[in-house]
Amino acid sequence: MFKLAIRSTRLAPRSTYIFRSLATASSTSPNIPATQKAIVFDQHGGPLQYKDIQVPKPGPNDILVNIKYTGVCNSDYHIWKGDWAIKPQLPLILGHEGAGVVVAKGENVSNFQIGDHAGIKWVNSTCQSCEFCQESHESSCPSQTNSGFSVQGTYQQYCLANADQAAHIPKDVDLAKAAPLLCAGLTVYKALRNANIRAGQTVAIIGAGGGLGSLAVQYGVAMGYRVIGIDASNKKEHVLSKGADAFVDFSSKVGVPEQVLELTEGKGPHAVINVSNSVQAYNEAITYVRPTGTVILVGLPQGGAKLESDIVMQTLRAVNIKGSVVGNRADTREALEFFRRGKVDSPVKIVGLSEAPDVFKLMEDRKIMGRYVLDTSK
Ligand code: 8ID
Ligand code: ZN
């Protein structure tokens, strides 16, 4: 994850050359402007400038997507602040939840046509040939590029994506609601699969009212699990409205472990998925997850945060601790399909691209429920 790679110096994967003869020549729709609006910053925590920049040109393996909507992920906030140990390229355009229309493509691209709907994800490109790519663990490819981190992201009107990794979005899917599924939806769907539990078993979601959490609750319900949502009291109604069976207020005087154990006959949930930034929540989860259960690490606190676990208790209780990062292309397709079939909703609030700094402020104040999505036309 997070390996910096420079797009222009990367060779196309071997398979691309084999199929080159089958691909159509590069093509472009008319009416692509020379310049576009984007949100750019050049120092961590510095101004998020809404300004005019050049529209990029696709390389041989790229599509150019006219981004209509892009979600605001809490990871964008961390990347802007620079508070993880790994740092992005600067100046940077953030964003890895972009949904739009293909307007140009490189000469090797045969899996997208002009006019198709496409999604740009965190994993923008991978080598396709390493051990991890072979096993479909693309998000662990050491040569991956990441949208809004090592390559320019989706807080712009026209964004590049490697065609192999870009997502196909069915035409009957609302692009504003599809955008959050490209990171938040995909990530929680994969995390739930990684929890390896059966229908009827219980999963607790920490951070259930936020962008990832609101989707995690719904995917959990759709996958047949009993869901306990954990977040601040002001998000109770929202979390229950998404289908959670029970709600736990992390700001209550009664501790979270006690409340969760009470709801699970003293045994604990079969899995706990933490999509919050809280280190305390992580450490508590290890103590209350059911013996043989699994704690899934998704939330990414500031760099340097450490898990603390009593080794003897963790061993005797046979607790699994598992990291989970986004998901692969099949997970993306499946996560989108749950939405297309009406099994999960994607609760979004739409504001203009120029309002990205206001959304970060709301995030800072923990006022966000569900996902904010930026409309790139405003
Ligand atoms: O692939 C990955 N692992 C991945 C992918 C995408 C995002 C990881 N992330 C990470 C982000 O970097 C971030 O750390 O997941 C985390 C959540 O992202 P988000 O859903 O976009 O953030 P949000 O909308 O702000 O929601 C966070 C929720 O956590 C609650 C907040 O109230 C909010 O609803 N929360 C907090 I902060 N502390 C809590 C606590 N102690 C808590 N809920 C319960 N207990
Ligand atoms: Zn994200």
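Trainee: Which residues are closest to ligand 1, and how many surround it?
Mentor: There are 29 residues around ligand 1, the closest being Ser75, Asp231, Asn277, Val326 and Arg371. A residue counts as near a molecule if one of its heavy atoms lies within 4 Å of it. Note that this is a predicted model: local features need pLDDT of at least 70, side-chain atom pairs count only at pLDDT 80 or more, and totals for chains, interfaces and linings use all residues. Residues are numbered from 1 along each chain as its sequence is written, chains are lettered from A and ligands numbered from 1 in the order in which they are written, and side-chain values use heavy atoms, with hydrogens and water left out.

Trainee: What does Arg371 do with the ligand 1 oxygen?
Mentor: An N or O atom in the Arg371 side chain lies 2.6 Å from an oxygen atom of ligand 1. That is a polar contact, meaning a pair of N or O atoms within 3.5 Å. Val326 places a backbone N or O atom 2.7 Å from an oxygen atom of ligand 1, and a polar backbone atom of Gly207 is 3.3 Å from a ligand nitrogen. Ligand 1 taken alone exposes 910 Å², of which the protein buries 93%; the areas come from the Shrake-Rupley method with a 1.4 Å probe.

Trainee: Which element gives the largest share of the shell?
Mentor: α2, with three residues. Helices (H or I, at least four residues) and strands (E, at least two) are DSSP runs, numbered from the N terminus.

Trainee: Changing topic. How many salt bridges are there?
Mentor: The structure holds 13, each a side-chain nitrogen of Lys or Arg within 4 Å of a carboxyl oxygen of Asp or Glu. In one of them Arg329 pairs with Glu138, with the closest N and O atoms 3.2 Å apart. Arg329 is in helix α11 (residues 329-340) and Glu138 in the loop between α3 (131-134) and β8 (145-146), so the pair links distant parts of the chain, 191 residues apart.

Trainee: Where is the cis peptide bond?
Mentor: Between Leu90 and Pro91, with omega about -10 degrees. Pro91 is in the loop between α2 and β5 (98-105).

Trainee: And what is the phi of Glu265?
Mentor: Near 50 degrees, a positive value in a residue other than glycine. Most residues other than glycine have a negative phi. Glu265 sits in the loop between α8 (256-263) and β14 (271-274).

Key. Polar contact = N/O pair within 3.5 Å; in protein donor to acceptor, adjacent residues only side chain to side chain.
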